[in-house]
Structures are given as structure tokens and as C-alpha cells.
Amino acid sequence: MACLNNWPWRVWAERTPFAVALKSRGTAWCWRDLQQRIDSLAAGFIQQGVSEGTRVVLRSKNSPDALLAYLALLQTGAHLLLLNPQLPAGLNAELLPSLDISFILDLSDTSLTLALPALELRHVGSCKNAAAWQPERLATLTLTSGSCGLPKAAAHSIQAHLASTAGVLGLIPYSQGDSWLLSLPLFHVSGQGIIWRWLSAGAAVVLADGESLETALEHCSHASLVPTQLWRLLQQPQLPEKLQNVLLGGAHIPLELTEQAEQAGIRCWCGYGMTETASTVVAKRADGTPSVGYVLAGKEVMLKDDEVLIRTPSLAAGYWKHGELTPLTDAEGWFHTRDRGVWQGDELYIAGRVDNLFFSAGEGIQPEDIERVLQSHPQVNHAFVLPVNDDEFGQRPVALVDTHPDATFEHLAQWLQGKLARYQQPVRYYRLPQEVVQGGIKISRQQLKQWLEKQL
Ligand code: 4YB
């Protein structure tokens, strides 16, 4: 990993100008091409009024234009809020006014109802094209998944992103000659993690730009995937030949998944992290045990009343709102994750979210325990367990499952007998509603709860 003393694309354009930096649909850009395009685009943004500290929304799915705009806007010193184009209008209307946004660059195919001064992609030849390289300056605002309430805007400096990268690249080999697919959205911290690893290593990044995951992966050595993506990939008749390393994260990583992928020749890396910590803080090479791995170099993890607490230089400087940063940590600098953890030797096991725990006739139920068992059924792709109110028990579990069409609920209920305690057996089953599955990298439990309430 290089020690960077300038914008990374400038560093690589000087050191390895003709090495491939970016590939998309058969086109490759070397670092020199990339730097020139970023310079002209950044000059275009500056000409349109963007300057150091200006807050700009970038609303886009992944594309070469979105990536170039991301880098060029960073180079102007702007604070960049990455926005998922699929966020509902009502949420945008509630959220954006509190974030003091000056401009929007909207590269999506649906328009935002909110009126904000628009930027366009404009290439300008001018030497007024960069702010000073100050990695400690705030650079990105990334929205948290917001399982309850409005998402929060976690504000990271470039230094924080680079600290995250250092931890991950201390474990996973990735250097020049390798290419990492931008397989997760830039508006999510997992997508940005890929970008900062690429910029630190001076390797290559690949953009799918409309291709399927399998096709795009044909030219990649690395990818970051959520478990469902890897499941789908493993169902393909042929696996991408060059794919060597997959970093998994974002949700519980089933053992069956990593075992199957490793057997097929894909090295799997399990990761655990979150928006606030700019992605992975705990990781390991998949080894057949259910933990998420070891604490990466430069990070600290402790458990307090079973809750995972993290202290790391990759942590956001705060949540941005109404012109202020609200600190994320307690007085000692620990971030309280609301995840329940258990140490297994030096390795951390994630049991589930503290807030998901509910009680049924006095018995504590961690829905994720039931979900893990359901998901180990070969015909279950995805399962969620939610509480429903019950006069006698207080609350009882119901399951929402995405299964192979042949799997009946009766069969599932039967199969669960003996695998779970009686109080953990779901009292009802539903098919996972597809409308809730769309968009983002995660399915929101909050939305599932709202859907379930309408069914009862
Ligand atoms: C987990 C979990 C795990 C998160 N077991 N619960 O670059 C990466 O790190 C990456 C690579 C591939 C896929 C995803 C990633 C991520 O960044 C994921 C980061 C993320 O999910 N952030 S989040 O803010 O949206 O959600 C964080 C929460 O997700 C955590 O607090 C946990 O509850 C859960 N989670 N990894 C079990 N391995």
C-alpha cells in the first residue's frame, strides 16, 4: 500500500501512468487518462460554483460517469453526499433539507422532486481544478441503513477511508495486476470501500455498467459481495474463471455458503463492519467456523453487556445535520454498534442486533438465531423472523422466507422440529414480499414489519 502525499490518481499517474486503472465494458483507462478526465471534470465543477466544503449530492447508481464524478468532486474539496436513486421521495424530502446541500449532480433516470441547484458533467481545461490534498478534511457523507427512523449522514474524512483500507489490505492481498469489481453501490460504504482499496493499491477497478454480475466478474480477481449475491453466483453453471477473492459482509455469512464457494476455488473472506466504521473492522479467511474473524490491525473491539464496541481511526467524525457534527462515540472514543457479540477465543461472533431481541413467554428470542437455521435449509434463499403480538405469550415469531417454489411451509415447519426450541418455532410463515427486496443492499426489517402489519 502506497503512502499517499497527493490525490491518489495523481500519485499513480506519476508512478505508473500507463498501468490500467479502470475497466468497463471492454474499455480500459490508464492512470494518466483517468487523472486527465478527473482534472477536466473537477475544473467543470469549480466553474459551476463548487468549492472546498460545498455540500454536493451525487445521486446515481454505479457507472463510469458516477465514479469519475465522485473522484472529481472529492478533488474540488467538496463534501459529497451519495444518494441511492431508489430512496422514496418522502424520505428525500424529509432528509435533504437538514443536510445543507448546495448542489445536486443527478445521474439517475428518475428525477428528484426536491428543487436543488443542478450540476452537470462538464469538462473544462483549466488549472483551477483541485483543492489541496488534505486527507483529514471531511470528504463523504454516507447514509446509514436506518433500520429505524431516518438514515443518518456519517461524515468521513479521506484519512478515515484510508484507515479502513489499511486494515483490509493488511489481510487480503490486492495489488497491481489485480482487479476488484465495483460490485456494490457507491452510495453504500461497501462500494466506497472498494474504491479506497483500489486507490491505495494502485491496482484496477472494474465497473459492470449494465452487465450481469457473472459477466462482469469474468475479468476480475476480486469482488465484495453480500451473501445473497454469492449464493446466486454459485447457482450459475460456470463460475468466472479469474475470480480468486471474495470479501463477504453486510449480513450473517452462512457456513454452507463459504464452504461451497471455497470448494469451487473461490477464496472467501468474511468481514464485519458498518457505515460508521467505513466498512470492515473484523475479518478472516473463511475457515469453517461461524465467527466473523479477528480484529484488523489498527482497530479495537470490546464487548460491554454483550454489545460490540469499536474504536478505530476509520470511524466517521460524526453524523452531519443542521450544520453540525454529532459525535458517534462515548467519552472514551468507543462507538456502540447495537450488535450482540460473543468472543470465541480471539474471534468475534455476531449473534444479531440488540434491538431485534424480543421475548415470548419470558424466553428471549434473537430472530437471527432462527434465521440462521432456516437459511441452512437447501431450498431457502433468505429468511427473516419478526415478532407478532400474542395475548398469551406476549410475542411470538413469524417467518418471512424466500424459498425454492417446491418448498412448502408445512415441509419447512416439519424440518425445523428438533432444530430449534419450541418457543423459537415460527407460528406462521409468509413468502418474502418482493417489493421490499428491491433497492439498496439490505432488506429493511422496518419495511418488513410494516408489510407484516398489513397482513395481520
Ligand atoms: C453483519 C455482518 C456480518 C455486517 N455478520 N452481521 O467492504 C466491506 O466491508 C463489505 C464487503 C462485502 C459486503 C459488505 C461490506 C460492507 O461494507 C458491509 C457494511 C454494512 O453492512 N454496513 S451497514 O451499516 O449497512 O450495516 C452494518 C450492520 O450489518 C452491522 O452493524 C451488523 O448488524 C450487520 N453486519 N456484517 C452479521 N458479517
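**Close-up views of a predicted model**

**View 1. Glutamate 300 and arginine 311 form a salt bridge**. The closest N and O atoms of glutamate 300 and arginine 311 are 3.0 Å apart. A salt bridge here is a side-chain nitrogen of Lys or Arg within 4 Å of a carboxyl oxygen of Asp or Glu. Glutamate 300 lies in strand β15 (residues 300-304) and arginine 311 in strand β16 (residues 307-311), so the pair ties together parts eleven residues apart in sequence. Helices (H or I, at least four residues) and strands (E, at least two) are DSSP runs, numbered from the N terminus. Glutamate 300 is partly exposed at 37% relative accessibility. Arginine 311 is partly exposed too, with a relative accessible area of 28%. Buried means under 20% relative accessible area, exposed over 50%, and partly exposed in between (1.4 Å probe, protein chains only). This is a predicted model: local features need pLDDT of at least 70, side-chain atom pairs count only at pLDDT 80 or more, and totals for chains, interfaces and linings use all residues. Residues are numbered from 1 along each chain as its sequence is written, and side-chain values use heavy atoms, with hydrogens and water left out.

**View 2. Aspartate 305 sits in the loop between β15 and β16**. Its phi is near 50°, a positive value in a residue other than glycine. Aspartate 305 counts as exposed, at 74% relative accessibility.

**View 3. Alanine 278 has a positive phi in a residue other than glycine**. The angle is near 55°. Alanine 278 is found in the loop between β12 (267-274) and β13. At 2% relative accessibility, alanine 278 is buried.

**View 4. Glutamate 262 and arginine 285 meet in a salt bridge through their side chains**. The N to O distance is 2.7 Å. Glutamate 262 belongs to helix α9 (residues 255-263) and arginine 285 to strand β13 (residues 279-285), so the pair ties together parts 23 residues apart in sequence. Glutamate 262 is partly exposed, with a relative accessible area of 25%. Arginine 285 is partly exposed as well, at 35% relative accessibility.

**View 5. Aspartate 39 and arginine 10 are joined by a salt bridge**. Their side chains meet at 2.9 Å, N to O. The pair links distant parts of the chain, 29 residues apart: aspartate 39 is in helix α2 (residues 31-47) and arginine 10 in helix α1 (residues 8-15). Aspartate 39 is buried, with a relative accessible area of 12%. Side chains of opposite charge can pair when their charged atoms come close.

**View 6. Lys284, Asp287 and Glu347 are linked in a salt-bridge network**. By the distance rule, the count of salt bridges comes to 13.

**View 7. Alanine 203 lies in the loop between α6 (189-201) and β9 (204-207)**. Alanine 203 counts as buried, at 2% relative accessibility. Not counting residues up to four places away in sequence, alanine 203 touches Val20, Ala21, Trp31, Tyr174, Ser175, Gln176, Asp178 and Trp198. Contact means heavy atoms within 4.5 Å.

**View 8. Serine 360 is placed in strand β21 (residues 358-360)**. At 2% relative accessibility, serine 360 is buried. A polar atom of its side chain lies 2.6 Å from the backbone oxygen of glutamine 395. Leaving aside neighbours within four places in sequence, serine 360 is in contact with Ile365, Phe393, Gln395 and Arg396.

Terms used
A polar contact is a pair of N or O atoms within 3.5 Å; within protein, one must be able to donate a hydrogen and the other to accept it, and residues adjacent in sequence count only if both atoms are side-chain atoms.
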